Amino acid sequence: MNQPDKNRTLNSDLFLLNVAPHFPLAIIAWDTHHVIKFWNSAAEKLFGYTADEAINQKLTKILSLEKNHESALFPVINNSTNIKQTNFLSQNKQGENLHTLWQILKHNESFDDITYTTAVITDKTELTHVNEKEKLATQSFQNLREHLNDVVYEHDLEGNFTKISEAGANSIGYSQAEFLQLNVNDLIEPHFIPAIQKNIQQKINGDKKNSTYEIQIHNKNNIKMWIEITSHIIFVDKKPTSIQGIIRNIDNQKQSEFDTLQSENKFRKIFDTIDDIYYHLDVEGNIDLISPSLYKHLGYKEIELIGTKIIGLFVYPKQRNELMHIMVTNGHVNDHEIILQHKNNTHIPFSVSANILVDDNGKMSGIEGIARNIRSRKEHEKILKTNEQRFRRIFESIQDVYFRAEDNIIKFISPSCHKMLGYAPEEMIGHNAEEFYLNSDTSQLMLEKFSNDGYLADYEIDYKHKDESTVTCSLNLNAIKDDNNHITAIEGTLRDITTRKSSEKALISSEQRFRRIFESFQDTYYEADMNGNITLLSPSVIGHYGYTPEELVGKPASAVYADPQQRVGLVEALQQNGFVNDYEIMLVTKDGELKPTSCSTKLVFNESGEPVAVQGILRDIAERKKSELALRESEASFRSIFNSIPDAFIEMNIFNTIVNVSPSVTQFSYDPAALIGSNISLFFTNPNDWRNVHNMLNSDIEVKGIESTLITKDGHITPISITAYKIQDEYNHSSNIVCIIRDISARKRYESELELARDHALEATRAKSAFLANMSHELRTPLNAIIGYSEMLHDDAMENSNHEMATDLGKIHDSGKHLLSLISDILDLSKIEAGKMEICIAPVDLSQLIDEIMVTIAPLAKQNNNELSQVSTNDILTISADKIRLKQAIYNLLSNACKFTNNGKVKLEIYQEEDHGKLWNHFKVTDTGIGITDEQIPQLFSEFSQADSTTTREFGGTGLGLVISQRFCQLMGGDISVSSVYGESSTFIIKLPA
């Protein structure tokens, strides 16, 4: 506020009213309480506060006066009415120190007798700084003169030195007296002398005044050094009389400049070749410098990005904001991960480290940083994470036990301890390791050995399993030491070698077994030394070559070669490759017969890699040679068959191009030679048919009986059957494909006729079944009469003691019942096949049902002296089933078991069991009878069939009982299964829904 209002001003003071508001010096006024009442515009400019901010504020608060100045100011204010000048140190609004001169005067207000004090303030801050600098400079100059190491000199116009500072002379290696005997040219390197002379002449002529230049001189030891010379001409009566100057040693500076130049070149090379991206941004975030590695990582050239906003490279601008927030908060950022966009629009992860740059005033001037491409690192981190997870799975499933102990207390142990010792890890951690040793004496010996050696390797020791059993372990221990070589912990592994110990016991018998195998080896195993002398032969040599091992051991192998040159070739191949496989040679047997032999052999090396022996296998290939001859003959025969085969034989490569065709392809009107090079799919009515066959071959090596249609050369469509397979080489790699095409026109006609005949046969079968089902009453009525009358006549004959007639009548009765049973079975089967068998599912009292069956079957069991039993493992009271059909099925199984078992056991078990979430009732019949072979089991459920013909002859029966029982169970929603051990037992199981 430049102009004070009437409430704040000294109305009687013309100076404050008229002069002070626009006065160039700061003017302020305050009352006796030191409260500011006037503040002009110059005060605003000097102290930074506006009039509104200053007026009515304490003077000391606004000006931040130091206490010592305050104590000096206010006595002047309070005790004097005269003008006073006082220097004060205060602060402006920005906190900067101000050096000011105050001219203070008192005023008496014309009304209310209020006293105001006015001060005119002059800013002496800059002047004070200049004085301080001048004072500091003067002091520094004095110090410099006292400690000056530069050479202060004077010489005449001819270059002879007349004055020299002692310290300066010493710095060049001379005493002061020695230096004064020298001429300038004695010190300066010759190639600098012309330039120095020219410089001096220019100064003498007035063309140049004081100058500074750099030259090279040599010191007393003739060592070159760089100096900087500042000199001027001394004139007397306007005539030049001498030259004065200062010499400064700048050898280190020149070396530093040289190093700096090298460093700059080195930096440029580094900058140009650095793999990371270096960048520099201005305060607006524009790129003003970026390293060439930009192109490698982001695809841009430097010129494409200079002057652009760096935020344009960010895939996610939010990451840029997060990055700037961290830098503003901390002044820098380290290894912060971001995603940048490549020129080809791919996303690349980077790690950024950057700093905020500030100028001399502490203001931000830019940002510099390094961006490192971490795509590989991120991929490695992903792999590492996967590997860590894999390692964790491996560690958790590893068989050995890893542990770490401190002061013999278990601190960590792997989960495998549970499998090996029966303890969970938490049951062992925190416990003393000695608690788990089986024998304390053995553990003490182990600890002593570890203490002496510092480690244990494969030390055998017994541990206690949680179940009190003994576990023999192989123990490995290592000491973990600190920087002072003190043991801080022990880590180790345990391996369960209980099985290995058992294996070691079996090793001797294994070696004996190996000896037996060696002695019974079919091929001939041999060993020889490097001189070709035989050292070992298997006993099989006598069977192939007629020699005993003893007859050949110690003799040269060449003794049995028919052609010694063959051995030379074998040795050369062996020396070249270290091994030879299936090398054919001709050996001579003991009786002089030539024996073709395949030799597979290899060199045996010692630890130094030197060959020390030869070992190999000799195989008699006389039979193989015969087979090869037969194969050649077979191939000729195959060619003959190939040329005469009625089916079309086509061979093609993996691209479906035909490479070979049999002559029989002419049946489709094609010329075999004309088909070579064609694509096979072109000959199919639907080309996709062959593609489907080809795709099937990709998952299998053979496809059989695929039907399709083929277009003949003359345009007819012919049904065909395709058989195709891959031809594989010796490495099981597929090479070509063979396709055999058969014309099935005749077969298709036959199948059509056969299908029609089958329909007629099925219709006839259904008619037969219906006829038999309808004949049930007519067949059973006369049989029932025969059975009834034979039974009555039998009783009469017995009453009349006519035993001979009674016996014959009994046979008639039994035959009638047998025939009735047979007819009933046939009729039941016919009804089932005709679909007229009715099933009535209702609740069945299981206990009553089983009692009825067991009473009926008991005489049959007793007849063959069998033990009959029944077991129910569940409290099953009632089941849902057709009682008659279930009773018949169980009875059939039990009667078969009693019939095929002598002096054995027959058992019926009843239980419930869940299968695929559904509850089933099981009726299991087990016997200890003759059993059934695996080949016979499929025939059990075929009509009119038994296991074999001898069974029928010995035990009788029609073979319908099991078939009908199975059909009954299937009609009730279940089935019958069977298992058997031939000669020992049989088990039949009825399975019905619960």
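Modeller: Happy to! Two strands are said to pair if DSSP finds at least two bridges between them, and helices (H or I, at least four residues) and strands (E, at least two) are DSSP runs numbered from the N terminus. What you see is a predicted model, in which local features need pLDDT of at least 70, side-chain atom pairs count only at pLDDT 80 or more, and totals for chains, interfaces and linings use all residues. Residues are numbered from 1 along each chain as its sequence is written, and side-chain values use heavy atoms, with hydrogens and water left out.

Strand β28 covers residues 702–711 and strand β29 covers residues 717–728; the two run antiparallel to each other and are joined over eight bridges.

Most residues other than glycine have a negative phi. H34 is not a glycine, yet its phi is positive, about 65°. You will find H34 in the loop between β1 (26–31) and β2 (36–39). With a relative accessibility of 18%, H34 counts as buried (under 20% relative accessible area; exposed is over 50% and partly exposed in between, with a 1.4 Å probe and protein chains only). D335 is another non-glycine residue with a positive phi, about 50°. Here the setting is a strand, β13 (residues 332–341). D335 is partly exposed, and its relative accessible area is 46%.

Now let's turn to the rings. A search of the whole structure gives eleven aromatic pairs (rings of Phe, Tyr and Trp, using its six-membered ring, with centres within 6.5 Å; planes under 30 degrees apart are stacked, over 60 edge-to-face, the rest tilted). One of them is Y174 with F179, an edge-to-face pair with 6.0 Å from centre to centre and 75° between the planes. Both Y174 and F179 are buried. These two also belong to one aromatic cluster, together with Y153 and F161.

Y670 sits in the loop between β27 (658–661) and α24 (672–675), while F683 sits in the loop between α24 and α25 (688–699), so the pair ties together parts that are 13 residues apart in sequence. Y670 is buried, as is F683.

K991 lies over the face of W920, 4.6 Å from the ring centre (the rule asks for NZ of Lys or CZ of Arg within 6 Å of the ring centre and within 35 degrees of the ring normal).

A889 and Q966 are separated by 77 residues in sequence, yet their C-alpha atoms are 7.6 Å apart in space. A889 belongs to helix α30 (residues 883–899). A889 has a relative accessibility of 0%, and so it counts as buried.
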